[in-house]
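Open the structure in your viewer and keep the sequence beside it. The tour below says what to select at each stop and what is there.

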Amino acid sequence: MTPEFLLEYEVIFQAFIEKQDQADAAHDLSHILRVVKIAKQLAIDEKADMSVIVPAAWLHDCVSLPKNHSDRHLASTFAGDRAVEFLTSVHYPSEYYMAIHHAIRAHSFSANINPESVEAKIVQDADRLDALGAVGIARCMQVSGSLNRALYSLNDPFCTVRKPNDTEYSIDHFYKKLFHITESLNTVSAQQEGRRRESVMRVFLEQLASEI
């Protein structure tokens, strides 16, 4: 598929995404745009198929449920189903549907589905990288605010002697999940970027510690 052909579809993808309801401010259009950008770069680095990666990245959150929703673990499957329905309606080449559906299903943490293709690994990596770095910090606070979590534990802000509880404290989410993302990334390019972004987050915590 030519880049020009994909660009024409990207306009259609964006128009579709702009009409969808999002679970929270951390999963808005800006998140999608960043994931698409990261996924494209990883695809170049890993020599993967843009015809799968581009639509999967655009549509990976076309069904988005709140973090505390009982069906959260099924959201990526719902998104994959909806994505294929939409792609069919706009006559995207059908030979890519199965690979796109898998990449969307496998991107989610809560779904716990192993990515089997390099394209699925890249979409997963791109989404997870957007949970790290300066953007990752901001998105963590957006979600925590919507769930009314406290910023940190007054007794042990940085989980020195207790287990992280990110249902109660925003900073605990760094220790419960975010600082384990880099080790879960699939591609070498993503791992390198993950380490760089994680270092930004650790500097943030050092500054926060000095302030409190």
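This is a predicted model: local features need pLDDT of at least 70, side-chain atom pairs count only at pLDDT 80 or more; totals for chains, interfaces and linings use all residues.

Lys40 is partly exposed, because its relative accessible area is 26%, which lies between the limits of 20% and 50%. Lys40 belongs to helix H2 (residues 29–46) and Glu10 to helix H1 (residues 3–18), so the pair links distant parts of the chain, 30 residues apart. Is Glu10 buried or exposed? Glu10 has 9% relative accessibility and therefore counts as buried, the cut-off being under 20%.

Stay on helix H2 and select Arg34. Its side chain forms a salt bridge with that of Asp130, at 2.7 Å from N to O. Asp130 sits in the loop between helix H6 (118–129) and H7, and 96 residues separate it from Arg34 in helix H2. The two partners can be compared by their relative accessible areas: Arg34 is partly exposed at 24%, while Asp130 is buried at 1%.

Next, show helix H3 (residues 50–59) together with H2. Two packed helices are described by the angle between their axes and the distance between the axes. For H2 and H3 the angle is about 165 degrees, and the axes are 8 Å apart. An angle over 145 degrees counts as roughly antiparallel, and H2 and H3 are therefore roughly antiparallel to each other. The crossing of H2 past H3 is right-handed. To see where they touch, select residues on both sides: the contact includes Leu29, Ile32, Val36 and Lys40 of H2, and Ile53, Val54 and Trp58 of H3.

Go to Ile17, which lies in helix H1. Ile17 is buried, with a relative accessible area of 3%. Which residues is Ile17 in contact with, leaving aside its neighbours within four places in sequence? They are Gln22, Leu29, Ile32, Trp58, Leu59 and Cys62. Of these, Leu29, Ile32 and Trp58 also take part in the contact between H2 and H3. For a distance across the model, pick the C-alpha atoms of Ile17 and Ile212: they are separated by 40 Å, and the two residues are 195 residues apart along the chain.

Move on to Ser153, in the loop between helix H7 (133–146) and helix H8 (172–176). Ser153 is buried, with a relative accessible area of 5%. A polar atom of the Ser153 side chain lies 3.3 Å from the backbone nitrogen of Asn155. The backbone nitrogen of Asp156 also lies 3.3 Å from a polar atom of that side chain. Beyond its neighbours within four places in sequence, Ser153 is in contact with Arg162 and Tyr169.

The last stop is Lys176 and Asp166. They form a salt bridge, with the closest N and O atoms 3.9 Å apart. Lys176 lies in helix H8 and Asp166 in the loop between H7 and H8, so the pair ties together parts that are 10 residues apart in sequence. Lys176 is partly exposed at 47% relative accessibility, whereas Asp166 is buried, with a relative accessible area of 11%. In total, the count of salt bridges comes to 9.

Note on methods:
Residues are numbered from 1 along each chain as its sequence is written. Side-chain values use heavy atoms; hydrogens and water are left out. Helices (H or I, at least four residues) and strands (E, at least two) are DSSP runs, numbered from the N terminus. Buried means under 20% relative accessible area, exposed over 50%, partly exposed in between (1.4 Å probe, protein chains only). A polar contact is a pair of N or O atoms within 3.5 Å; within protein, one must be able to donate a hydrogen and the other to accept it, and residues adjacent in sequence count only if both atoms are side-chain atoms. Contact means heavy atoms within 4.5 Å. A salt bridge is a side-chain nitrogen of Lys or Arg within 4 Å of a carboxyl oxygen of Asp or Glu. Axes are lines fitted to C-alpha atoms, for helices over the stretch in contact, and angles run from 0 to 180 degrees between N-to-C directions. Angles under 35 degrees count as roughly parallel, over 145 as roughly antiparallel, 65 to 115 as roughly perpendicular and the rest as oblique. A crossing is left-handed if the near helix is turned anticlockwise from the far one by less than a right angle, and right-handed if clockwise.
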